[in-house]
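Q: I would like to learn how to read aromatic rings in a protein model. Please show me with an example.

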Amino acid sequence: MFSENFNAEYYSALTITIIPGLILLLLFFLRDKIKEPFSMVISTFAMAFIITMPLDLMIGLVDPVLFSLFDNQFFYSFRAFFRAAYLEEFLKFSVLFYYVSKHHEFDEFIDGVVYGAAIGLGYAVAENLGYIYFNKDYDYTLLAIYRLQPMIAHTFFGIVMGVLFSKSAFQLIKNNSGIYLSLFVPVFIHGLHNYSTRSDTIPYLIN
C-alpha cells in the first residue's frame, strides 16, 4: 500500500500520526484505577479504526445527494452536521453500544471515559493515515502535525459520548435519555466544530 512512499519524511509523518494516539490511549488506560483488560481496550480502538471503511461507502452515497440539493451555507450546514458529524459519530456510537456496553467488563462509570477515548483515538488515527496517504502533494510532516488537532477533537468527542453513555448505563440519567444524549451531543459539538472551520458565518472555534 505504501510502497511508493518509502522515504524518511513519510515514516516521520506516520510516526507523528500514530504514536501520539497510542500514547494517549495508554494514558487513559493507566489512569483507570480498576484497569480494563488491555485486549478489550485495544480491540475497541481497532474497531473504531475499522469503521472508517463503511464510512467511506456511506460518504460516497451521501455526497452526490448533498451536491445536488444544497449550496452555499446550506451545503456547509448539511455537510458539517450530517455528512461528517452524524455519520462519524453514529458509527463510533455503534461500537460503544453494540460492542463495549454488551461486554461484562463495562461495569463502572469511568469505563465510559476509557472506551470513549479509545473509540475517538482509533477513528482519529485511521482518518489521519488516510489524509497522509491521499494527500501526496503536501509536506507529510507538516500535514501530520496539523492533523494532531483533529485527533484531540475526536478524543474529546469520544470522551463526551462515553461519559453520557455511562451516566445512562449506570442510571445517573433516567429513562435512557443519556443514550440519546451520548449520540446527539457529540454530533452537535462535532458539527459545530466542522462548520466553524468551513464557513465565514461564525468565528473559527478552533482558534
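The dialogue below goes through ring pairs, their surroundings and charges over rings in this predicted model.

Q: How many aromatic pairs does the structure hold?
A: There are 12 aromatic pairs in the structure. One of them joins Phe81 and Tyr195, with 6.3 Å centre to centre and 40° between the planes.

Q: Which parts of the chain does the pair of Phe81 and Tyr195 link?
A: The pair links distant parts: Phe81 belongs to helix α4 (residues 72-100) and Tyr195 to helix α8 (residues 177-198). The two residues are 114 residues apart.

Q: Are Phe81 and Tyr195 buried or exposed?
A: Phe81 has a relative accessible area of 28%, so Phe81 is partly exposed. Tyr195 has 10% relative accessibility and therefore counts as buried.

Q: What kind of pair do Phe93 and Phe97 form?
A: Phe93 and Phe97 form a stacked pair, 5.7 Å centre to centre with 20° between the planes. They are separated by about one helical turn, because they lie 4 residues apart in helix α4. Phe93 is buried at 10% relative accessible area, while Phe97 is partly exposed at 25%.

Q: Which residues form one aromatic cluster?
A: The cluster is made of Phe93, Phe97, Tyr98, Phe106, Phe165 and Phe170.

Q: Where does the charged end of Lys102 sit?
A: The charged end of Lys102 sits over the ring of Phe97, 4.8 Å from the ring centre. Elsewhere, the charged end of Arg147 sits over the ring of Tyr131, 3.8 Å from its centre.

Technical notes:
Residues are numbered from 1 along each chain as its sequence is written. This is a predicted model: local features need pLDDT of at least 70, side-chain atom pairs count only at pLDDT 80 or more; totals for chains, interfaces and linings use all residues. Side-chain values use heavy atoms; hydrogens and water are left out. Rings of Phe, Tyr and Trp (its six-membered ring) pair if their centres lie within 6.5 Å; planes under 30 degrees apart count as stacked, over 60 as edge-to-face and the rest as tilted. Buried means under 20% relative accessible area, exposed over 50%, partly exposed in between (1.4 Å probe, protein chains only). A charge sits over a ring if NZ of Lys or CZ of Arg is within 6 Å of the ring centre and within 35 degrees of the ring normal.
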